[in-house]
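Here is a short report on one structure. Keep the sequence and the 3D view open as you read.

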Amino acid sequence: GGNICILAVETSCDETAAAVVKNGKTVLSNVISSQIELHTVYGGVVPELASRNHIEKINYVIAQALSDADIKVSEIDAVAVTCGPGLVGALLVGVAHAKAFAYALKKPLIGVHHIEGHIAANYIEHDIKPPFLCLVVSGGHTQLAAVKDYTDIEIIGKTCDDAAGEAFDKVARSIGLGYPGGPKIDAEAKKGDPYAIVFPKAKVAKSEYDFSFSGVKSAVLNYLNSVNMRGKAVNTADVAASFQKSVVEVLVEHTVKAAHDYGFKQAAMAGGVAANSLLRETMKKTCDENGIKLYYPSPVYCTDNAAMIGAAAYYDFLNGKRSGLDLNAFPALKL
Ligand code: KG4
Ligand code: ZN
């Protein structure tokens, strides 16, 4: 068979992204227009502003992806787009543009699940093949996914309240580090003592593979209040380091326990929080000790991007999955 080139579009949250990916692996282009500055003053993503900004950027981003890839539109074999989950207005911009491209090029359209995309980011730089266990940790999701095959994924654990990235963002805001909080906490924690404050490691009674982060988030807020009430200064580096340690420990424990119980010899990580340096370091060390081979994408493929959507779509394409031109955006799409 020949090469399969997929034009992929991703607009589920606050990045307008397009990419061209060959055979699910070779990234010919990967354009990301971030809206971070637009949302920073509000301390988080404002959905209506996100939608409007996607509309302003999408044409340029797709054109740039095609020109960076140095490819003729006639060489595109399929158009892929994130159709959920995410912000409905944001998703609709990508879906509408991808449909128009597919229709104009007379090429198949493939709607991709955002999490399937995050997981597929691992195929870009590594030769990992299913089956494996994947810890998906982003601003909107915290899941343990059993990747039985490229297009056969089962969620075996998830968060009962906040997503891991959401907890990072909220704690960062409470100690004045700003948005997005994950990378800021990561950097601030390097200057602090992770043993300075003991924050609870939230356990969930229902399942040993599920997560809960609202407890540790509240513990941080209570701690900040009590320090303030005593008129003392908060050591933000110690708070960041202690909070990060508490979250990372739970993520690693549950992943390794699930890998062991389900008999996975390989594990992977995906999503924005997978860019966290302590998580990468601790997960690697613990997986090594337990005979599990660990993979994770470069930071640029951890946070939202369209190359990961192009990688996932390749396997959908081979599997014969096609979406109609009536494809919709599904804010709460299930895997
Ligand atoms: O995957 P992503 O770009 O978007 C979603 O699908 O949600 O993830 C964004 C999340 C944000 O909450 C951000 O704070 C977090 O990933 N994040 C990090 C780091 N880099 C990004 N969290 C911890 N440490 C990091 N280095
Ligand atoms: Zn994401």
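P180 sits in the loop between α5 and α6. Its peptide bond from Y179 is cis, with omega near -5 degrees. Helices and strands here are DSSP runs, numbered from the N terminus: H or I of at least four residues for helices, E of at least two for strands. This is a predicted model, in which local features need pLDDT of at least 70 and side-chain atom pairs count only at pLDDT 80 or more, while totals for chains, interfaces and linings use all residues. Residues are numbered from 1 along each chain as its sequence is written, and chains are lettered from A and ligands numbered from 1 in the order in which they are written.

A cis peptide bond also joins G84 and P85, with omega about -10 degrees. P85 lies in the loop between β4 (78-84) and α3 (88-105). N23 is in another loop, between β2 (15-22) and β3 (26-34). Phi of N23 is near 55 degrees, a positive value in a residue other than glycine. Most residues other than glycine have a negative phi, and most peptide bonds are trans.

## Helices α5 and α6

Helix α5 covers residues 164-174 and helix α6 covers residues 181-189. They pack at an angle of about 70 degrees, with their axes 8 Å apart. Axes are lines fitted to C-alpha atoms, for helices over the stretch in contact, and angles run from 0 to 180 degrees between N-to-C directions. The two helices are therefore roughly perpendicular, a label for angles of 65 to 115 degrees. Their crossing is left-handed: the near helix is turned anticlockwise from the far one by less than a right angle.

On the α5 side, the contact uses G165, F168, D169, V171, A172 and R173. On the α6 side, it uses G181, G182, K184 and I185. Contact means that C-beta atoms, placed from the backbone, lie within 7 Å. The contact residues are four nonpolar, three polar and three charged. Ala, Val, Leu, Ile, Met, Phe, Trp, Tyr, Cys and Pro count as nonpolar, Asp, Glu, Lys and Arg as charged, and the others, Gly among them, as polar.

## Helices α4 and α11

The axes of α4 and α11 come within 7 Å and cross at roughly 90 degrees. That makes α4 roughly perpendicular to α11. From α4, the contact includes E116, H118 and Y123. From α11, it includes A307, M308 and I309. By class, the residues of this contact are nine nonpolar, two polar and one charged.

## Two domains

The domain assignment gives domain 1 (5-120 + 302-318) and domain 2 (130-296). Such bounds come from an automatic or database domain assignment. The domain centres, taken over C-alpha atoms, are 27 Å apart. Their contact takes 13 residues from domain 1 and 20 residues from domain 2. On the domain 1 side, α1 (36-40), α4 (114-125) and α11 (307-318) each supply at least two residues. The largest share, four residues, comes from α4.

## The shell around ligand 1

Where does ligand 1 lie relative to domain 1 and domain 2? Both domains give residues to its shell, so ligand 1 lies between them. The shell has 19 residues, and the closest are G139, G165, G182, G272 and N276. A residue is near the ligand if its C-beta atom, placed from the backbone, lies within 6 Å of it.

The elements that give two or more residues to this shell are α5 and α6. The largest share, four residues, comes from α6. By class, the shell has six nonpolar, 10 polar and three charged residues.

How values were computed
Angles under 35 degrees count as roughly parallel, over 145 as roughly antiparallel, 65 to 115 as roughly perpendicular and the rest as oblique. Two residues are in contact if their C-beta atoms, placed from the backbone, lie within 7 Å.
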